[in-house]
Amino acid sequence: MPPLPASSPILLCCLLFTAALCPAARAARFACNATAPRASTCQALISYAPPNGTATATLAAVRALFQLRSHRALLAANGLPLSTPPTAPAPTPLRVRLPCLCSGGAGATFQRPTYRVRAGDTLDAIARGAFAGLVTYQDIAAANNVSDPNKVAVGQQLWIPVPCSCDPVGGQPVVHLTYVTPAGSSVAGIAQEFGSAEETILAVNKMSDAKGLLAGQVLDVPLRTCGSAISNTAIDRNLFVPNGSYILTANNCVMCGCSSSTWQLDCQAAQGLSSSFCPAAKCGDMFLGNTSSTSSCESRTCSYVGYTNSTSFAILTNITTSNTCNSGMAPMAQLAHSSAFRLEPAWLRWTELVVSLHVVLLCLGYLRQD
């Protein structure tokens with residue numbers, strides 16, 4: 001074996017030092033254990049923050065990147081007015097609703113999004129650039145049977161398997177949000193932002209310690225959804241809407257929104273949005289969504305119960321009674337403790353300092369032998 005050149009120890013040390021300070025992105029795997037046909041698929045949310053300088057700066061560009069079927073779906077997921085034009089700047093981050101499929105104990109977005117390779121693309125550039133770290137190049141390579149991540153053909157169509165989940169949390173239905181952790185974040189801060197609990201996020205992501213959170217880490221953040229009166233026999237029985245968003249259902253004849261002020265689904269007839277005929281949505285002489293008081297503490301609402309197409313298209317309604325003197329409150333967000341760990345640059349973290357020190361000592365020993 002020929003001797004190493006004099007520069008080899010120095011080069012090796014530099015590579016080891018760089019690797020210690022810049023850990024590689026890790027593939028995320030979201031637990032998704034549902035196996036029943038109706039439970040193994042759902043609508044999940046993706047939090048997308050396009051990197052600076054990318055072309056996905058408008059709502060239309062984001063819709064095209066994720067192959068969303070309608071502009072309205074993007075507006076609904078973000079609680080934006082239906083009058084918002086496709087050319088409007090995309091908020092950062094932006095929520096994207098995509099179908100999720102559970103298989104083999106893990107979840108990934110079903111069939112979408114896909115990406116057509118352009119000249120100069122690499123799998124890592126696609127993962128980090130176009131899709132902002134929602135996946136790793138290893139995820140894309142495995143999903144598309146790519147043996148060499150550095151060799152992809154121009155024009156090749158790739159499936160981008162964004163991690164997602166359909167599992168209930170604590171026995172309650174939730175909408176799972178795929179979230180890329182920004183630098184400077186903490187588990188406690190993320191929990192407070194999304195109205196969750198630190199313990200829930202740690203458990204769902206199988207994290208033993210909040211101090212292990214890394215910038216760029218892809219987290220599964222379960223979002224509480226509004227309760228509803230939708231029947232188990234309705235076509236849209238799995239209609240789960242999180243706070244701050246709405247959804248169009250019943251062939252775009254009904255708009256249902258969720259607010260943390262009541263945590264009950266608020267559904268109204270959608271005027272002029274459907275291209276087909278919308279049947280009347282009433283409870284006797286009350287229109288869908290209308291409320292009347294029966295006492296100082298009790299009210300009656302014409303609630304949405306779903307829609308059917310068994311014999312003909314029908315919107316189902318029912319009168320529900322609620323106690324307005326004891327309305328549901330949003331769960332208290334977990335406050336960040338003074339000792340909550342916040343992400344710092346890698347060279348300030350104790351773990352990286354210890355590893356770096358060992359690398360330096362190893363290099364010095366190596367150079368003395370040379």
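In the predicted model, strand β2 (residues 94-103) is joined to β3 by 4 bridges, and the two strands run antiparallel. Within this pairing, Cys-102 has Gly-107 of β3 as its bridge partner. Helix α2 (residues 59-66) packs on the sheet, where the helix touches β1 (41-48) and β2. The direction of α2 makes about 10° with that of β2.

The β2-β3 pair belongs to an open sheet of 5 strands, arranged in the order β3-β2-β1-β6-β7. Pairing in this sheet is mixed. The edge positions are taken by β3 (106-109) and β7 (218-224); each has a single partner strand, so one side of each lacks a neighbour in the sheet. From one strand to the next, the twist averages 40°.

A further set of pairings involves β8, β9 and β10. Strand β8 (residues 246-249) runs antiparallel to strand β9 (residues 254-257), and 4 bridges join them. Tyr-246 has Gly-257 in β9 as its bridge partner. The two strands, β8 and β9, form a hairpin with 4 residues between them. In the turn of this hairpin, Ala-250 has a positive phi of about 50°.

Strand β9 also pairs with strand β10 (residues 266-269), again in the antiparallel sense and over 4 bridges. Here Val-254 stands opposite Ala-269 of β10.

Conventions: Residues numbered from 1 in each chain as written. Predicted model: local features only at pLDDT ≥ 70, side-chain atom pairs only at ≥ 80, totals over all residues. Heavy atoms only, no water. Pairing = 2+ DSSP bridges. Axes fitted to C-alpha atoms, helices over the stretch in contact; angles between N-to-C directions. Contact = heavy atoms within 4.5 Å.
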